[in-house]
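Hi,

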Amino acid sequence: MKAAVLQRVLLTAAGVVVAVLVAIGISSVAIAVAGADPTTALTAMFDFGTRPTDVADGVAFWLNRSVALFIAGLAVAIGFRMNLFNIGVEGQYRMAALVSAFVGGQLMLPAPIHLTVIIVVAMVVGGLYALIPALLKVYRGVNEVISTIMLNFVAVGVAAYLVRGPFGGERVEGQLIASTSELPQSAWFPDANFLLTLLGLPAPRGGGLYGFILIAALLGVLVWLILERTRFGFDVKASGLNGGAALAAGIDPRRMVISAMVLSGAVAGLIGLPEMLGRSHAYGTSGFTAGLGFLGIAVALLGRNRPVGIALAALLFGFLDRAATPMQFADIPPSVIAIIQGMIVLMVVIVNEVTRRIALRWEERRAAGRLAETPSAPEGAAA
């Protein structure tokens with residue numbers, strides 16, 4: 001049994017590596033067609049600079065982006081485990097960041113309590129916004145893909161109105177940028193630059209390495225424990241695989257749809273907090289990173305809905321996002337990064353299906369071998 005599990009893990013890892021390599025190979029052809037040198041592009045991707053401070057800045061940007069992508073991947077993966085496509089992560093984390101920034105800006109509390117309140121508010125808002133498509137699916141049969149996509153547009157519009165209206169801070173006359181009031185320092189999450197100094201790098205400039213990376217690591221462990229080591233996780237997986245069988249076993253599929261969707265939204269509510277608590281200290285129309293929810297879908301697919309795999313996928317996509325800047329300095333079109341990310345997702349989907357079929361054939365052969373080794377009953381034994 002252990003050998004079979006190890007074989008399956010190695011097959012999955014090999015499939016991901018092959019998918020990434022094939023995607024890079026195909027992307028190299030696209031780079032050449034665009035009139036650029038693929039070798040120059042690949043060299044620029046790994047260019048972190050020559051000075052130690054430049055290297056520290058590049059590594060900090062890489063890890064900071066990976067933290068948000070990791071949380072986004074976890075949020076999407078929770079829905080995937082229930083066979084739900086939560087495409088609304090983008091809207092959920094946008095609404096959660098806005099409301100938590102507004103609430104946090106109205107309070108004056110000790111730092112640990114202040115940060116805890118903001119995190120809880122973000123999770124509650126994200127979960128409640130995800131509750132809407134869950135209820136529509138359970139009680140009206142509305143496909144969650146359609147409802148969550150539509151709610152993304154609703155979130156963008158509502159957030160734009162609120163940040164320019166009731167939730168907006170003081171605005172400078174003639175300035176088009178709108179944002180909430182700046183969070184007090186008690187709501188600023190301490191940086192984690194000590195992790196870089198342990199690697200022999202100096203402290204990065206700017207906001208440094210987001211301290212929320214520690215919360216993200218803890219979140220990954222908690223999600224793994226919930227999905228893999230609890231009754232709730234088993235019910236989620238069983239309901240996603242076969243709702244009828246789960247119902248016959250005493251599991252309410254409707255309740256599991258709502259629970260999984262709300263949990264996915266609650267995790268999604270944390271996506272914007274690393275940047276908001278670590279650098280911008282406000283939610284605004286400028287500087288707030290958008291699109292992380294959609295990238296989280298690719299990260300979850302590449303990571304096979306497992307926290308460890310999602311972490312590696314987030315590091316890969318964060319590395320590609322960081323590589324966009326040095327590639328532009330090397331006169332490589334920035335669209336190359338989007339091409340590489342898209343090809344990786346496409347290749348992963350194809351390779352996942354291939355590895356699934358290979359694993360199924362291996363399992364069939366093992367089952368046939370065990371059946372052949374089983375001694376047959378002697379004649380007349382039944383009598």
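Let's start with how helix H3 (residues 52–81) sits against helix H14 (residues 307–329): their axes are 7 Å apart and the packing angle is about 135°. That angle makes H3 oblique to H14, and the crossing is right-handed. Bear in mind throughout that this is a predicted model.

On the H3 side, the residues that meet H14 include Phe61, Trp62, Leu69, Phe70 and Leu74. Among their partners in H14 are Ile310, Leu315, Phe317 and Phe319. Sorted by class, the residues of this contact are 14 nonpolar, four polar and three charged.

H3 also packs on helix H13 (residues 292–302), where the axes come within 7 Å and cross at roughly 70°. Angles of 65 to 115 degrees count as roughly perpendicular, so that is how H3 and H13 are placed relative to each other. This crossing is right-handed too. H3 brings Arg65, Ala68, Leu69, Ala72, Gly73, Val76, Ala77 and Phe80 to the contact, while H13 contributes residues including Leu292, Leu295, Ile297 and Val299.

Now for the inside. Which residues touch the most other members of the largest nonpolar core? They are Ile71, Ile271, Leu273, Leu277, Tyr283, Met327 and Ile344, in a core of 93 residues. H3 turns up again here, giving the most to this core with 16 residues. There is another core apart from that one, with 13 residues, and Met82, Leu84, Val236 and Met256 are among them.

Neighbours within four places in sequence aside, Ile344 is in contact with Ala23, Leu302, Leu316, Phe317 and Leu320. Phe317 is also one of the H14 residues that meet H3.

Finally, two loop residues have a positive phi without being glycine. Asn83, in the loop between H3 and helix H4 (89–105), has a phi near 65°. Arg304, in the loop between H13 and H14, has a phi of about 55°. With 27% relative accessibility, Arg304 also counts as partly exposed.

Cheers

How values were computed:
Residues are numbered from 1 along each chain as its sequence is written. This is a predicted model: local features need pLDDT of at least 70, side-chain atom pairs count only at pLDDT 80 or more; totals for chains, interfaces and linings use all residues. Side-chain values use heavy atoms; hydrogens and water are left out. A nonpolar core is a set of buried Ala, Val, Leu, Ile, Met, Phe, Trp, Tyr and Cys residues joined through side-chain atoms within 4.5 Å. Buried means under 20% relative accessible area, exposed over 50%, partly exposed in between (1.4 Å probe, protein chains only). Helices (H or I, at least four residues) and strands (E, at least two) are DSSP runs, numbered from the N terminus. Contact means heavy atoms within 4.5 Å. Axes are lines fitted to C-alpha atoms, for helices over the stretch in contact, and angles run from 0 to 180 degrees between N-to-C directions. Angles under 35 degrees count as roughly parallel, over 145 as roughly antiparallel, 65 to 115 as roughly perpendicular and the rest as oblique. A crossing is left-handed if the near helix is turned anticlockwise from the far one by less than a right angle, and right-handed if clockwise. Ala, Val, Leu, Ile, Met, Phe, Trp, Tyr, Cys and Pro count as nonpolar, Asp, Glu, Lys and Arg as charged, and the others, Gly among them, as polar.
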